[in-house]
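My notes follow in the order I took them.

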Amino acid sequence: MCTQKYVELASICVNPGIKGHGLGTKLIDALKSRVDFSHYEYINLETDAVNNDKVNDFYKKNKFVLYRWYVTNEGRKMNEYRYSPRI
């Protein structure tokens with residue numbers, strides 16, 4: 001069995017009043033700069049797929065790639081994204 005080591009981004013939030021200052025991207029960049037990609041394969045995150053275009057576009061803009069989508073047991077449609085400098 002092959003197990004990949006990865007970093008999970010569980011949550012990120014920026015006050016909407018600070019919009020336009022690039023703080024969200026700065027947070028993502030800070031995380032990327034601290035991950036040792038010689039030990040971890042990628043950064044993984046999950047977010048809602050429906051009625052969440054701004055968030056999905058934000059992750060794509062920051063070079064996260066849609067890995068898969070799925071539906072939870074509760075019926076939520078989710079996107080799973082991954083970032084790796086090797087992708």
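Is Asn 56 buried or exposed? I note first that this is a predicted model. I find Asn 56 buried, with a relative accessible area of 5%. The cut-off for buried is under 20% relative accessible area, so Asn 56 falls on the buried side.

Entry on its location. I place Asn 56 in helix 2, which covers residues 53-61. I see helix 2 lying across strand 2 and strand 4. Against strand 2 the helix runs at about 165°.

Entry on contacts. Which residues does Asn 56 touch, leaving aside its neighbours within four places in sequence? I list Thr 47, Asp 48, Ala 49, Asn 79 and Tyr 81 as being in contact with Asn 56.

Entry on strand 4. I took residues 77-83 as strand 4 and found the strand mostly covered, with 6 of its 7 residues buried. Strand 2 (residues 42-48) pairs with strand 4 in the antiparallel sense, and I count 6 bridges for this pair. In this pairing I find Ile 43 opposite Tyr 83. Strand 3 (residues 65-71) also runs antiparallel to strand 4, joined to it by 6 bridges. Here Val 65 stands opposite Arg 82 of strand 4.

In what order do the 4 strands stand? I read the order as 1-2-4-3, in an open sheet with mixed pairing. Strand 1 (6-8) and strand 3 are at the edges with a single partner strand each, so one side of each has no neighbour in the sheet. From one strand to the next I note an average twist of 25°.

Last entry. I return to Asn 56 and record again that this helix 2 residue is buried and in contact with Asn 79 and Tyr 81, among others.

Conventions. Residues are numbered from 1 along each chain as its sequence is written. This is a predicted model: local features need pLDDT of at least 70, side-chain atom pairs count only at pLDDT 80 or more; totals for chains, interfaces and linings use all residues. Side-chain values use heavy atoms; hydrogens and water are left out. Buried means under 20% relative accessible area, exposed over 50%, partly exposed in between (1.4 Å probe, protein chains only). Helices (H or I, at least four residues) and strands (E, at least two) are DSSP runs, numbered from the N terminus. Two strands pair if DSSP finds at least two bridges between them. Axes are lines fitted to C-alpha atoms, for helices over the stretch in contact, and angles run from 0 to 180 degrees between N-to-C directions. Contact means heavy atoms within 4.5 Å.
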